[in-house]
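Open the model in your viewer and keep the sequence panel beside it. The stops below say what to select and what is there.

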Amino acid sequence: MTYSEMIVMRISTLCKQRGIAYHKLASMCGLNQSTIDNIVRGVTKDPRVQTLHHIALGFNMTLAEFLDYPELNEYSFDEEEH
């Protein structure tokens, strides 16, 4: 699984757990719908920290809480091909 796929999985999982649609998340985050769509569809492969911070706030989490999950904690960037 790539870093990008893990971010999408995290967003998707949190949306499902909280019953939030992507368009609602965009509104809650103060981001454009296209920004969320591009991340979720894999168009944006490496979202900026500022964007992730907005998403975390939309979920009422700190950025650290948003990024603190097993798949990412165990991820090695050395595994990705550049």
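Start with R18, which is partly exposed at a relative accessible area of 40%; buried means under 20%, exposed over 50%, and partly exposed in between, with a 1.4 Å probe and protein chains only. This is a predicted model, in which local features need pLDDT of at least 70, side-chain atom pairs count only at pLDDT 80 or more, and totals for chains, interfaces and linings use all residues. Residues are numbered from 1 along each chain as its sequence is written, and side-chain values use heavy atoms, with hydrogens and water left out.

**Along α1**

R18 belongs to helix α1; helices (H or I, at least four residues) and strands (E, at least two) are DSSP runs numbered from the N terminus. Show what surrounds R18: beyond neighbours within four places in sequence, R18 is in contact with F59 and M61, where contact means heavy atoms within 4.5 Å. For a distance check, pick the C-alpha atoms of R18 and T62, which lie 16 Å apart although 44 residues separate them in sequence.

Next select R10, also in α1, which spans residues 3–18. With neighbours up to four places away in sequence set aside, the contacts of R10 are M61, E65, F66, D68 and Y69.

Now select I7, I11, L25, L52, I55, F59 and F66, the residues that touch the most other members of the largest nonpolar core, which has 24 residues. α1, α2, α3, α4 and α5 are the elements that give two or more residues to this core. α1 supplies the largest share, seven residues. Such a core is a set of buried Ala, Val, Leu, Ile, Met, Phe, Trp, Tyr and Cys residues joined through side-chain atoms within 4.5 Å.

Move to α2 and select L25, A26 and C29, which are buried. They lie on the same side of α2, because they cover an arc of only 100 degrees around the axis; the arc is that of the directions from the helix axis to the C-beta atoms. These buried residues pack against α1, α3 and α4. Turn to the face of α2 that points away from its buried side to find the exposed residues H23 and S27.

Just after α2 comes G30, with a positive phi of about 75 degrees. G30 sits in the loop between α2 and α3 and counts as exposed at 62% relative accessibility. The C-alpha atoms of G30 and I55 are 8.5 Å apart in space and 25 residues apart in sequence.

**Into α3**

Select Q33 in helix α3, residues 33–40. Is Q33 buried or partly exposed? Its relative accessible area is 31%, so Q33 is partly exposed. Its side chain makes a polar contact of 2.8 Å with that of D37. A polar contact is a pair of N or O atoms within 3.5 Å; within protein, one must be able to donate a hydrogen and the other to accept it, and residues adjacent in sequence count only if both atoms are side-chain atoms. Not counting residues up to four places away in sequence, Q33 touches Y22, H23 and A26.

In α4, residues 49–58, select the buried residues T51, L52, I55, A56 and G58. Their arc around the axis is only 155 degrees, which puts them on the same side of α4. The elements covering them include α1, α2, α3 and α5. For T51, buried at 11% relative accessibility, the contacts beyond four places in sequence are L31, T35 and I39.

End at N60, in the loop between α4 and α5. N60 counts as exposed, at 71% relative accessibility. Most residues other than glycine have a negative phi. The phi of N60 is positive, near 60 degrees.
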